[in-house]
Amino acid sequence: CFRAYIQALEKLQFDIATSSDLIGVETGSIGLFSRVREPLKNRSAVFGLGDRINILKDIEQPTLIPHIAEASSQKYPYEVIFGSLHRLLLDTATSEYLFCDNFFGEEAMFNEIFAGPLTVIDEHFNSILPNSYDAMGDEFPVWTHILTRQALKVRKFKFILRNC
């Protein structure tokens with residue numbers, strides 16, 4: 001379920017920054033001792049927030065439905081993709097935990113059931129993050145996690161808080 005959802009979300013992603021975007025100053029040599037400074041390309045794309053901050057302001061927005069977004073040819077930055085995946089994981093984990101607690105009366109069953117989805121998501125992050133060139137986009141998962149922990153405290157899901 002999670003693997004298929006991740007693969008569908010990856011088709012909806014557009015990159016804010018790529019390996020060809022520059023962060024420092026590019027210099028070109030014209031002689032043995034002199035250099036000419038060339039202007040940076042795409043500087044604002046690497047560190048500009050723009051409307052991207054609204055994603056953190058509305059952390060509880062609904063998850064993306066890939067086939068609907070794909071049908072309308074919509075593309076999203078990684079932080080929207082991450083937010084959607086994170087919300088699906090959180091909603092699924094909380095409902096499964098409550099089910100395991102009510103039906104089986106033990107937390108250990110939850111750990112067994114949820115080991116697979118957590119492995120899939122861990123593999124996803126290990127493949128995405130080393131290849132990311134979007135400095136601001138790389139910070140969004142951290143802030144999303146912080147805001148989610150605050151929401152979990154309000155919802156009083158202490159077991160899940162211990163594990164994230």
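Reader: Helices are DSSP runs of H or I with at least four residues and strands are DSSP runs of E with at least two, both numbered from the N terminus; so where is the place of Glu 79?

Author: Glu 79 has its place in helix α5. Please note that this is a predicted model, in which local features need pLDDT of at least 70 and side-chain atom pairs count only at pLDDT 80 or more, while totals for chains, interfaces and linings use all residues. Residues are numbered from 1 along each chain as its sequence is written, and side-chain values use heavy atoms, with hydrogens and water left out.

Reader: Is Glu 79 buried or exposed?

Author: Glu 79 counts as buried, because its relative accessibility is 1%. Buried means under 20% relative accessible area, exposed means over 50%, and partly exposed lies in between (1.4 Å probe, protein chains only).

Reader: And which residues is it in contact with, leaving aside neighbours within four places in sequence?

Author: With those neighbours left aside, Glu 79 is in contact with Arg 52, Ile 55, Asp 134, Gly 137 and Phe 140. Contact here means heavy atoms within 4.5 Å.

Reader: What span should helix α5 have?

Author: Helix α5 covers residues 78-103, and its 26 residues should span 38 Å at 1.5 Å a residue. The expected span is 1.5 Å times one less than the number of residues. The end C-alpha atoms of α5 are 37 Å apart, which agrees. After α5 comes Gly 105, with a positive phi near 75°.

Reader: Let me step back: how many helices and strands are there in the protein?

Author: The protein has eight helices and two strands. Along the sequence, their pattern reads α-β-β-α-α-α-α-α-α-α. Of its 164 residues, 34% count as buried.

Reader: Which residues have the most contacts inside the largest nonpolar core?

Author: They are Leu 9, Leu 64, Tyr 76, Ile 81 and Leu 85, in a core of 25 residues. Such a core is a set of buried Ala, Val, Leu, Ile, Met, Phe, Trp, Tyr and Cys residues joined through side-chain atoms within 4.5 Å. Helices α1 (2-10), α3 (54-57), α5 and α6 (108-128) each give two or more residues to this core. The most come from α5, with nine residues.

Reader: What is Leu 9 in contact with, beyond four places in sequence?

Author: Leu 9 is in contact with Leu 64, Pro 66, Ile 81 and Leu 85. Its C-alpha atom is also separated by 8.5 Å from that of Ile 65, 56 residues apart along the chain. Ile 65 lies in the loop between α3 and α4 and counts as partly exposed, at 43% relative accessibility.

Reader: New topic: how many salt bridges does the structure hold?

Author: The structure holds one, between the side chains of Arg 3 and Glu 123, at 3.3 Å from N to O. Arg 3 is in helix α1 and Glu 123 is in helix α6, so the pair links parts of the chain 120 residues apart. A salt bridge is a side-chain nitrogen of Lys or Arg within 4 Å of a carboxyl oxygen of Asp or Glu. Arg 3 is partly exposed, with a relative accessible area of 44%, and Glu 123 is partly exposed at 40%.

Reader: Lastly, what is the phi of Ser 73?

Author: Ser 73 has a positive phi, near 60°, although it is a residue other than glycine. Most residues other than glycine have a negative phi. Ser 73 lies in the loop between α4 (66-71) and α5, and it is exposed, with a relative accessible area of 62%.
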